[in-house]
Amino acid sequence: MSPEDFDPAVAALLSAVAVAPADMVECAPLSGGTYNSLLRVVLRDGRRWIVKRPPSPRSGSTLRYEHDLLRGEAAYYTAVRDLPGVPVPRLVHVETSAEPPVVSGLVMTECPGVPWHEADASLTPGERARSRRELGEVVARLHTVTGLEFGYPARPFGPAAADWRGAFTAMTDAVLNDAVVYGVELPRPVEEVREVIAAAGDVLDEVTRPVLVHFDLWQGNLLLEGAEGAEGARGLSGVIDAERMFWGDPVAEFVSLSLFDDIEKDADFLAGYAAAGGDATLTDSVRLRLELYRCYLYLIMLVEAVPRGYSSEQLAWTRRHVGGQLTASLDAVASALAGRRRSRY
């Protein structure tokens with residue numbers, strides 16, 4: 001990107017940290033993001049930064065929980081900056097604008113490595129097992145961080161809820177309301193989904209500490225670094241894209257860590273998580289909460305497809321695959337509730 005083509009908004013963002021277009025040897029857009037825009041900036045002195053900006057408010061593609069989404073990412077990196085052995089970007093600058101203020105841009109260091117899903121096929125079984133265990137240890141350290149309230153840092157639904165049940169109810173209500181607003185076709189009627197989730201609400205009362213939850217730890221947001229083919233050389237080098245974080249139940253983290261699968265099959269991750277002090281005991285109550293969080297993620301994935309203008313092929317895949325997963329999780333919640341009722345008699 002030449003200086004004359006440089007986005008004035010990005011130039012203004014970088015000028016806040018005393019960087020001009022002439023100070024850069026590279027400024028290139030990055031692909032892979034589905035909401036915010038990303039640029040890699042390489043400075044003449046060798047520093048490598050990522051610039052992240054939200055979509056224009058006029059884009060019309062925002063779900064309610066996505067209001068001021070970058071505030072959550074800034075909060076995440078701030079909360080974990082002093083944790084040892086946790087490879088996350090370091091914030092260089094947080095830009096705020098508007099009234100009330102929203103986070104309109106982030107400048108952060110670039111973590112080295114490549115996305116896990118790009119390297120996964122070349123990992124040996126031993127490397128994969130070791131990396132999953134290392135990931136479990138890192139996530140357990142992240143889950144030692146607690147906040148002062150439940151929910152999203154930007155408070156997109158109004159004042160913070162008094163407890164986790166209230167916060168999670170607001171989260172699911174918001175995405176279900178978005179489904180109505182955007183005319184999204186769900187596999188079950190909106191009110192039926194709402195009723196199933198609400199019926200299991202008492203299990204959420206077991207969560208009393210607002211723990212830091214990334215909620216998007218699929219392989220695309222985990223970086224690996226090291227020489228291919230050198231046994232034991234590759235390791236976790238980055239936990240990135242924390243914009244969808246919230247303060248809540250650490251069990252919710254297991255959804256994206258085992259996307260479309262079962263975390264109980266990931267013995268290496270669970271061993272690492274337990275070794276670093278995480279509670280990896282999967283009781284019936286934990287499994288029920290996990291199904292609720294699966295429902296929430298699948299609802300987001302289904303609803304966002306419409307305002308983001310997915311192609312007909314993408315929409316068909318999402319409705320078939322993610323819709324099927326949502327149906328299975330709703331059925332699992334209903335089955336667990338029926339089992340609880342039978343056990344009382």
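The crossing of α9 and α10 is left-handed. Keep in mind that this is a predicted model.

Now the geometry of that pair. Helix α9 covers residues 284–304, and helix α10 covers residues 312–343. Their axes come within 9 Å. They cross at roughly 155 degrees. Angles over 145 degrees count as roughly antiparallel, so α9 is roughly antiparallel to α10.

What is the make-up of the contact of α9 with α10, by nonpolar, polar and charged residues? There are 14 nonpolar residues in the contact of α9 with α10. Polar residues number 4, and charged residues also number 4.

On to cavities. How many cavities of 30 Å³ or more does a search of the whole structure find? The search finds 2.

The volume of the second largest cavity is about 40 Å³. Its lining consists of Val 184, Glu 185, Leu 302, Ala 305, Val 306, Leu 315, Thr 318 and Arg 319. Helix α10 gives the largest share of that lining, with 3 residues. By class, the lining of the second largest cavity has 5 nonpolar residues, 1 polar and 2 charged.

Last, the largest cavity. Its volume is about 50 Å³. Tyr 65, His 67, Asp 68, Leu 69 and Gly 72 are among the residues that line the largest cavity. Its lining also includes Tyr 152, Pro 153, Ala 154 and Pro 156. Glu 243 and Met 245 line the largest cavity too. The lining of the largest cavity divides into 7 nonpolar, 2 polar and 2 charged residues.

Definitions and conventions. Residues numbered from 1 in each chain as written. Predicted model: local features only at pLDDT ≥ 70, side-chain atom pairs only at ≥ 80, totals over all residues. Heavy atoms only, no water. Axes fitted to C-alpha atoms, helices over the stretch in contact; angles between N-to-C directions. Helix = DSSP H or I, 4+ residues; strand = E, 2+ residues; numbered from the N terminus. Parallel < 35°, antiparallel > 145°, perpendicular 65-115°, else oblique. Left-handed = near helix turned anticlockwise from the far one by under 90°. Nonpolar A, V, L, I, M, F, W, Y, C, P; charged D, E, K, R; others polar. 1 Å grid on protein atoms, 1.4 Å probe; cavity = no way out; pocket = protein on both sides within 12 Å on 5 of 7 lines; lining within 4 Å. Points joined across faces, edges and corners; volume = space filled by probe spheres on them.
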